[in-house]
Amino acid sequence: MPLTVELIPCLTDNYAYLLHDPADGLCAVVDPSEAAPVKRALEARGLKLTHILNTHHHFDHTGGNIPLKQEFGAVVVGPEKDRERIPALDIGVDESAPWQFGSHMARILEIPAHTRAHIAFVFEGESIAFTGDTLFAMGCGRLFEGTPEMMWSSLSKLMALPDETRVYCGHEYTQSNGRFALTVEPNNSELQARMREVDTRRSQSAPTIPCTMELEKKTNPFLRPDSPEIRRTLGMDDADNVTVFAELRRRKDNF
Ligand code: ZN
Ligand code: FE
């Protein structure tokens, strides 16, 4: 059976995701910021939570861990390298082995820099990636615990995923990310078209998630430090990709 993914808006602009395969009888939530909206989503569908998956330790991704574990006895799965900072972690995972969710296998990618132990869960069989606060639609996370080199290498790992991969990220930041993207690559016609669609969706309060890896590679400036237009805008024609990436991140921090 295919894995269904459902968005659960949390806090101001976070998304948690409900993963469910009726054949396995398993139900997971990815990055529960808080328990209440997750419980409402479970009740509306008559589901019992069996697993909690965390991409990184920040409170807006783990705030629901303890109450949801207490209520459902759910097993908490997250980065082993951050065991001490993930509330109630049961199963620590890293890149050395996949994690099996019923009949579905999640490859773990270690993608540090937003936090030093940030991971992605990639369900290759269904072309789905949960990227937390590392890769956003048209953006990337802030470098709280890493260098531009580390973030560029983390994003490069994600860029190696197949084009059709659907990306589920941690926040609805797409519209403001897109506004920044247009300041550095104003003539990118695919970016312009995407932004029109994003503006329409947001004017209806509809989510812009998931996006695809293919569209990210064409429109996300943080995946495009080799774009001639971006380099021209930044006056960095001859710099290496990491240097261009670092300058993009610096400008976005001040945007
Ligand atoms: Zn975060
Ligand atoms: Fe976050």
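What spacing do the donors of the zinc ion (ligand 1) follow along the chain? The spacing is H-x1-H-x55-H-x18-D. The model is predicted, and local features need pLDDT of at least 70, side-chain atom pairs count only at pLDDT 80 or more, and totals for chains, interfaces and linings use all residues. Residues are numbered from 1 along each chain as its sequence is written, chains are lettered from A and ligands numbered from 1 in the order in which they are written, and side-chain values use heavy atoms, with hydrogens and water left out.

**Metal site**

- Four residues coordinate the zinc ion (ligand 1) at 2.2 to 2.3 Å, namely H56 (NE2), H58 (ND1), H114 (NE2) and D133 (OD); donors are N, O and S atoms within 2.8 Å of the metal (3.2 Å for Na, K and Ca), and sites may look incomplete because water is not among the atoms.
- The angles among the four donor atoms of the zinc ion (ligand 1) run from 87 to 170°, and the site is irregular.
- Four donors count as tetrahedral if all angles lie between 85 and 135 degrees; four count as square planar and six as octahedral if opposite donors are over 155 degrees apart and all others between 65 and 115; anything else is irregular.
- D133 forms a bridge between the zinc ion (ligand 1) and the iron ion (ligand 2), and the two ions lie 3.2 Å apart.
- H58, in the loop between β4 (51-53) and α2 (59-62), and H114, in the loop between β8 (104-110) and β9, link parts of the chain 56 residues apart; helices (H or I, at least four residues) and strands (E, at least two) are DSSP runs, numbered from the N terminus.
- H58 and H114 are both buried, where buried means under 20% relative accessible area, exposed over 50%, and partly exposed in between (1.4 Å probe, protein chains only).

**Aromatic pairs**

- The structure holds 12 aromatic pairs; rings of Phe, Tyr and Trp (its six-membered ring) pair if their centres lie within 6.5 Å, and planes under 30 degrees apart count as stacked, over 60 as edge-to-face and the rest as tilted.
- F101 and F123 make an edge-to-face pair, with ring centres 6.4 Å apart and planes at 70°.
- This pair connects strand β7 (residues 99-101), which holds F101, with strand β9 (residues 119-123), which holds F123, across 22 residues.
- Both F101 and F123 are buried.
- W152 and F245 form a tilted pair, 6.1 Å from centre to centre and with 40° between the planes.
- W152 belongs to helix α4 (residues 148-159) and F245 to helix α9 (residues 241-253), so the pair ties together parts 93 residues apart in sequence.
- W152 is buried at a relative accessible area of 15%, and F245 is buried at 0%.
- Ring pairs join Y15, Y17, W99, F101, F123, F130 and Y168 in a cluster.

**Salt bridges**

- There are 21 salt bridges in the structure, each defined as a side-chain nitrogen of Lys or Arg within 4 Å of a carboxyl oxygen of Asp or Glu.
- E71 pairs with K39, the closest N and O atoms being 2.9 Å apart.
- Helix α3 (residues 65-72) contains E71 and helix α1 (residues 36-45) contains K39, so the pair ties together parts 32 residues apart in sequence.
- Both partners are partly exposed, E71 at 45% relative accessibility and K39 at 26%.
- D253 forms a salt bridge with R142, with 3.3 Å between the closest N and O atoms.
- D253 is in helix α9 and R142 in the loop between β12 (139-140) and α4, 111 residues apart.
- K217 forms a salt bridge with D163, with 2.7 Å between the closest N and O atoms.
- D82, E84, R85, R116 and E145 are linked in a network of salt bridges.

**Helix α5**

- The buried residues of helix α5 (residues 174-184) include T174, Q175, N177, G178, F180, A181 and V184.
- These buried residues of α5 pack against β11 (135-136), β12, α6 (189-203), α7, α8 (228-234) and α9, contact meaning heavy atoms within 4.5 Å.

**Cysteines**

- The count of disulfides is zero, a disulfide being a pair of cysteine sulfur atoms within 2.5 Å.
- The closest cysteine sulfur to that of C169 is in C211, at 5.7 Å, which is too far for a bond.
- C169 is buried at 1% relative accessibility, and C211 is buried at 6%.
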